[in-house]
Amino acid sequence: MVKGLYTAYTGMVDSQRRMDVITNNLANSSTTGYKKEGCTTKSFDEMFGIKIKDRTVGTLNQRIGKLSLGAKIGETYRDWTQGSLINTDNTYDFALADKGFFNISFTSKSGVTSTMYSRDGSFQMNAEGYLVTKDGDYVLGESGAPIQLPTNIAQLRVEKTGEIYADNMYVDTFLITDFEDYNYLEEYGENLFRAVEGATQKQDVSAAVIQGYKEASNINVVSEMVEMISLAREYESNQKLIQTVDSMLGGMVSMSEL
């Protein structure tokens, strides 16, 4: 019976963790280029239940079958499916059609600069003419250096292949990177990802740069809400089970005192 309490508890913890993931997805449903997160559930390793002190089998401890010890989070994963492309008519908005990432020069609070990767192409030009993210991080060109535009530019045109033209003069090309295995990409924050040890870049990148568009998140709000309701019901069921077992234990204690 105490095992029933523990099993119900693990179910509640699992539901809470999955609820946190869904809540984060809903909070980022309007975040440009955001990719949905999900998590799997699996049971704890099973163990044998053993019958002890049973006089019918003498001094032997008899196995009576396998018992599950409850549920736990298996793994958290990310859905890299492309979101819809939304027309903004903003000269400095760019979306990537197909797989790939913009390269961003990110400087941490401690002053360390490293290359991060993003699907968010909502850029702008700063006072020095550099193309930057909304957080002020530099967007990198094909040479690995920040992209700098003329400050007196009248027209900016970007080809699908990433070439940037300012007033019909070639300036630079977006550095677009893709990876063999996205499991080696780690979410950093600020809509950025970083490559961890073992990440391998693809030689051929299929992404096309679309100017005047941005990529919406791939979150389906209706599906996430339905899943949230289902998880709430699961949580309540486990909660009721704990209350029921607790009531039964209380009754057994009361009877033993008679």
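**Stop 1: K35 and E215**

Select K35 and E215. They form a salt bridge, with the closest N and O atoms 2.5 Å apart. This is a predicted model. The pair links distant parts of the chain, 180 residues apart. K35 sits in the loop between α1 and β1, and E215 in strand β19 (residues 213-215). Both residues are buried. The salt-bridge count comes to 12.

**Stop 2: R78 and its two partners**

Next, pick R78, in strand β4 (residues 71-78). Buried or exposed? R78 is buried, because its relative accessible area is 16%, under the 20% cut-off.

E37 lies in strand β1 and R78 in strand β4, so the pair ties together parts 41 residues apart in sequence. E37 is buried, as is R78.

E187 is partly exposed, with a relative accessible area of 42%.

Then select D14, R18, E227 and E234. Salt bridges that share partners join them into one network.

**Stop 3: the end of β1**

Move to S43, found in strand β1 (residues 37-43). Its relative accessible area is 41%, so S43 counts as partly exposed.

**Stop 4: the β16-β17 hairpin**

Select residues 185-189 and 192-195. These are strands β16 and β17, antiparallel and joined by four bridges. G189 has L192 of β17 as its bridge partner. The hairpin has two residues between its strands. In the turn, E190 has a positive phi of about 55°.

**Stop 5**

Go to β7 and strand β8 (residues 113-118). They pair in the antiparallel sense over six bridges. Which residue of β8 is the bridge partner of N103? It is Y117. Five residues lie between the strands of this hairpin, where G111 takes a positive phi near 90°.

**Stop 6: the nonpolar core**

Select F94, F102, F123, L131, L156 and F174. They have the most contacts inside the largest nonpolar core, which has 22 residues. β6 (94-97), β7 (101-107), β12 and β13 each supply at least two residues of this core. The largest share, three residues, comes from β7.

**Stop 7: the β12-β13-β14 sheet**

Show the open sheet of three strands, ordered β12-β13-β14 with antiparallel pairing. β12 and β14 (169-173) stand at the edges with a single partner strand each, so one side of each has no neighbour in the sheet. The twist averages 25° from one strand to the next. Three bridges join β12 to β13. One to check is L156, whose bridge partner in β13 is A166.

Click T161, in the loop between β12 (156-158) and β13 (163-166). T161 counts as exposed because its relative accessibility is 60%. The C-alpha atom of T161 is separated from that of T173 by 8.1 Å, with the residues 12 apart along the chain.

**Stop 8: a surface patch**

Finish with Y6, Y9 and V13. They form a nonpolar patch on the surface, with about 300 Å² of accessible area together. V13 has its place in helix α1 (residues 2-27). At 40% relative accessibility, V13 counts as partly exposed.

Key
Residues are numbered from 1 along each chain as its sequence is written. This is a predicted model: local features need pLDDT of at least 70, side-chain atom pairs count only at pLDDT 80 or more; totals for chains, interfaces and linings use all residues. Side-chain values use heavy atoms; hydrogens and water are left out. Patches are made of residues with over 30% relative accessible area and no salt bridge: like charges are joined within 9 Å, nonpolar side chains (Val, Leu, Ile, Met, Phe, Trp, Tyr) within 5 Å. Accessible areas come from the Shrake-Rupley method with a 1.4 Å probe; for residues, only the protein chains shown count as cover. A salt bridge is a side-chain nitrogen of Lys or Arg within 4 Å of a carboxyl oxygen of Asp or Glu. Buried means under 20% relative accessible area, exposed over 50%, partly exposed in between (1.4 Å probe, protein chains only). Two strands pair if DSSP finds at least two bridges between them. Axes are lines fitted to C-alpha atoms, for helices over the stretch in contact, and angles run from 0 to 180 degrees between N-to-C directions. A nonpolar core is a set of buried Ala, Val, Leu, Ile, Met, Phe, Trp, Tyr and Cys residues joined through side-chain atoms within 4.5 Å.
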